[in-house]
Amino acid sequence: RIYRGMATVLKIGAIDVHSHIYLPRYMDLLRSRSVVPRILPGVDAAGDERYVILPGEDADESTSAGRPVGSEFWDPARKLAFMDAHNIDISVLSLANPWLDFAAPDDAAALATNLNDDMQDLCSSAGAG
């Protein structure tokens, strides 16, 4: 803390104002899907999951294997370790794409509510309440 007169100013490291996370509930949904967007199990050389996100990517040879989506994208402990390694004290989190536009409207509304609750729980557990 830095004290200036009667005011207290907290000294902090970097603030990441654009950080995405795939919440566990969302990952479970994407793993359960057989159409895009979906998670493919262990298809790369390291056995990591891959994310096929955009319509048509699964049919295109150059993109059909998807993007890497290791636990650094969805494990809160790995996210916090990354922040520590890079002197990031605060991250402004949002759900990573493709958002919820692929879901039926009623399903999307319920899922959005659950994911908002999950995000609140995650932030509260990390001391960000």
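Which residues have the most contacts inside the largest nonpolar core? In this predicted model, they are Tyr22, Leu23, Tyr26, Tyr51, Leu100 and Leu115, within a core of 18 residues. Helices H1 and H3 each contribute at least two residues to this core, and the largest share, five residues, is drawn from H3. Leu100, one of the residues with the most contacts in the core, touches Tyr26, Leu95, Ala108, Leu111, Ala112 and Leu115 when residues up to four places away in sequence are not counted.

The protein chain as a whole comprises three helices and seven strands. Along the sequence these elements are arranged in the pattern β-β-β-α-β-β-β-α-β-α. Of the 129 residues in the protein chain, 27% are buried. Among contacts with a separation of 6 or more, 52% involve residues 24 or more positions apart.

The packing of two helices was examined next. Two packed helices are described by the angle between their axes and the distance between the axes. For helix H1 (residues 24-32) and helix H3 (residues 105-125), the axes come within 9 Å and cross at roughly 140°. Angles over 145 degrees would count as roughly antiparallel, and 65 to 115 as roughly perpendicular; H1 and H3 are therefore oblique to each other. On the H1 side, the contact is formed by Arg25, Tyr26 and Leu29, and on the H3 side by Leu111, Asn114, Leu115 and Asp118. Classified by residue type, this contact of H1 with H3 contains four nonpolar, one polar and two charged residues. Tyr26 and Leu115, which take part in the helix contact, are also among the residues with the most contacts in the nonpolar core.

Local features were identified at both ends of helix H2 (residues 76-85). The N-terminal end of H2 is capped by Asp75, a side-chain oxygen of which lies 2.8 Å from the backbone nitrogen of Ala77. Just after H2, Asn87 adopts a positive phi of about 55°.

Glu49 is located in the loop between strand E4 (38-40) and strand E5 (50-52). Its relative accessible area is 19%, and because burial is assigned under 20%, Glu49 is classed as buried. The side chain of Glu49 is joined to that of Arg31 by a polar contact of 2.6 Å. Apart from neighbours within four places in sequence, Glu49 is in contact with Met27, Arg31, Ile39, Leu40, Pro41, Gly42, Arg67, Pro68, Val69 and Trp74.

How values were computed
Residues numbered from 1 in each chain as written. Predicted model: local features only at pLDDT ≥ 70, side-chain atom pairs only at ≥ 80, totals over all residues. Heavy atoms only, no water. Helix = DSSP H or I, 4+ residues; strand = E, 2+ residues; numbered from the N terminus. Buried < 20%, exposed > 50% of the residue type's maximum accessible area, 1.4 Å probe, protein only. Polar contact = N/O pair within 3.5 Å; in protein donor to acceptor, adjacent residues only side chain to side chain. Contact = heavy atoms within 4.5 Å. Axes fitted to C-alpha atoms, helices over the stretch in contact; angles between N-to-C directions. Parallel < 35°, antiparallel > 145°, perpendicular 65-115°, else oblique. Nonpolar A, V, L, I, M, F, W, Y, C, P; charged D, E, K, R; others polar. Core = buried A, V, L, I, M, F, W, Y, C linked by side-chain atoms within 4.5 Å.
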